[in-house]
Structures are given as C-alpha cells and as structure tokens.
Amino acid sequence: MLNGIVVKAYNSFYYIQTGSKIVTCKLRGRFKKERFSLTVGDEVTYTLTSQDKGVIEDILPRRSLLKRPLAANVDQVVLTFAAVNPDINPALVDRFLVVAEFSELEIVLCINKIDLADTGVIAKLTERYERIGYKVLTVAAKFGLGIEELRTLLHDKITVFAGPSGAGKSTLLNALQPGLELITGEVSQKIGRGKHTTRFAELLPMAGGGFVVDTPGFSFTDFTDLAESHLMDYFPEISHIAAKCKFSTCLHFKEPQCAVKQAVADNLIHPERYESYLEILAEIKDSKKGY
Ligand SMILES: Nc1nc2c(ncn2[C@@H]2O[C@H](COP(=O)(O)OP(=O)(O)OP(=O)(O)O)[C@@H](O)[C@H]2O)c(=O)[nH]1
Ligand SMILES: [Zn+2]
C-alpha cells in the first residue's frame, strides 16, 4: 500500500502524488456509496494496478477543510498585500487576518511591491504586525526580491495565497514557479495542465516539499459565522489582554473597566486594530438582528 496526496481531481479521477511521481487513481466503490467527496489536499493510501494507475483504498482523516478555494489539510495562508499601488489598507488586512485566524491557518503576511515604497513606510508596516506576533515578509515579486525566504516558508506545508486584487498574487506564484519546473513539467504532461481548464483548485508541488494551491481564493465579505464573544479570539493582542477586564463577558465596547480600552489608550494596542475590531463586532451584531 502506498501513501500519497490528491493534487488534482477531475472527472472522478484523482491524481495522487507520492514523491515526484503522479498516479491516476479511481476510488473504491464503497467510497462512492458513502458519497464521500475527496478533494485536493486529502491524503490517501492506494494500490497500483499498473505503473501509473491505481485504486484508492483508504482516505486518511482530514485535519481541516477550506471551502474557498476547496482544499483539505491547508496549513498556511500567505496574505499578500501591495505596500503601494494599490496602497495597503490596514482595515482590509485586519479582515483577512480575522478570517485566517478563524480558519486556524498559520499566517504569513507578505508585503509586496517594496520597490515602489518608502523604506520608512515599509519598516513601520512591518513593525505594526510583528508587534502583534505575525510573521511579516517584505518582497518585490516582480524582481524576485524576498522570494527565497518565502520559498523556505512553504516547505512541507500546503499553502494558499490570498489578498486583494492587484496585490501581486499571480506574480508571486510565477516567481515561485522556476523552482517548480522540474516536478510540474512532469505533472503537466501527465495530467494535461492547461488543456482542460477547470474551476477546481489544484496543488502545485514545491521543489523543497510542500504544495501551493494554484487558485488564489479565500475571499470573503461577511463575518456571520462568528459569535460576538469569540471575535476577540482572532485578534491576538486583544485576547491576550481580555482576561484583565473587570467583567468576564466584556466585549471591550461600552463596558466599564475594560483593560482592552485602557491598552488602546496606553498605545499598547494599535488604535486602528481596535477600530477594526469594533467595526467587525458591529457587523456581527447587525447580522444577528432579526433572528
Ligand atoms: N512594481 C512592482 N509591481 C508589481 C510587483 N508585483 C506585481 N506587480 C504588478 O502589479 C500588478 C498586479 O499583479 P498581479 O500579480 O496580477 O496581482 P494579483 O494579486 O494576482 O491580482 P488579481 O489577479 O486581480 O487578484 C501587475 O501589473 C504586476 O506586474 C512588484 O513587486 N513591484
Ligand atoms: Zn474589555
């Protein structure tokens, strides 16, 4: 029995990668009866029926399932923003961060287009998010700057890219491609990448191990899945301090003796981060009205 990972699903065929080898597999009948939908990122065991064909015998338990893009076992998200052009919007960064935290993904904040920005601006931005505890990478995807460091962070993980339009996600993925050529070249031939354009995500194998989800998706507009009382869990610097509030039910809004509000006043929490928190809190409150 061999172990592998689903890198592409197409017409009830699954393309399973083990090492640098791709095997085309079908599912055992019993899975079809169970209506189990296998997706990219799933780990399976299979037996070979010929050199490059096989049958999936078992599906290993999923660690996670991301809905957009649809992929299992995603470990990490690289949130990509341009420092300028379009100018970084901290409120939008916070919204992406909340969704990434909610999805329990490891987070890398990638600030792109540093060739166009002031070094002072970059330093301030970096400091702002590193202070909260986030990993920040500054790159210029168009010029290959910082790409090696990003590549290192992708090793042995399944990574998805996200960020607003124009931030440079496609440029980043392309900059990562040269390192992939050896393996993806083989994949392309076998599974006809580019021939069939599908809406479904595929995993791109990385030279040093690990995969990147080829569709930068992971967009969202609402926070209706969140509970008001849990929102603070997705702001690390707020949840860190919340235990010191007078009331255990404190939402850090209008409650008296709130340690979070005090921390904002003392400049220990960035006022714009607190603004973002309040804004999303209001959206959650609104969405729950009328239920
Ligand atoms: N100056 C500069 N321009 C860049 C850099 N990276 C990307 N760009 C440019 O920014 C524009 C947008 O880049 P894309 O890679 O298409 O951005 P995207 O995030 O994939 O955008 P969507 O497909 O709309 O989601 C392109 O014109 C790129 O050439 C960079 O590091 N420096
Ligand atoms: Zn409070």
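Which residue of E3 does Tyr-14 stand opposite? The answer is Cys-25. The model is predicted, so local features are reported only at pLDDT of at least 70 and side-chain atom pairs only at pLDDT 80 or more, while totals for chains, interfaces and linings use all residues. Residues are numbered from 1 along each chain as its sequence is written, and chains are lettered from A and ligands numbered from 1 in the order in which they are written.

The chain has nine helices and 13 strands; helices (H or I, at least four residues) and strands (E, at least two) are DSSP runs, numbered from the N terminus. Strands E2 (residues 13–18) and E3 (residues 21–27) pair in the antiparallel sense, with five bridges; strands count as paired if DSSP finds at least two bridges between them. Two residues lie between the strands of this hairpin, and Gly-19 has a positive phi near 60 degrees. E3 also runs parallel to E5 (residues 53–59), to which four bridges join it. There, Cys-25 stands opposite Gly-54.

Next comes the interior. Of the 291 residues, 34% count as buried, meaning that 20 or more other C-beta atoms, placed from the backbone, lie within 10 Å of the residue's own.

Helix H5 (residues 169–176) has a buried side. Its buried residues are Lys-169, Leu-172, Leu-173, Ala-175 and Leu-176. They lie on the same side of H5 because they cover an arc of only 160 degrees around the axis, taken from the directions from the helix axis to the C-beta atoms. An α-helix has 3.6 residues a turn, so residues three or four places apart point the same way. The buried residues of H5 pack against several elements, including strand E8 (76–82) and helix H4 (147–154).

H5 also gives the largest share of the shell around ligand 1, three residues. In total 15 residues surround this ligand, the closest being Lys-142, Ser-165, Gly-168, Ser-170 and Thr-171; a residue is near if its C-beta atom, placed from the backbone, lies within 6 Å.

Note on methods
A residue is buried if 20 or more other C-beta atoms lie within 10 Å of its own, exposed if 12 or fewer, and partly exposed in between; C-beta atoms are placed from the backbone. Two residues are in contact if their C-beta atoms, placed from the backbone, lie within 7 Å.
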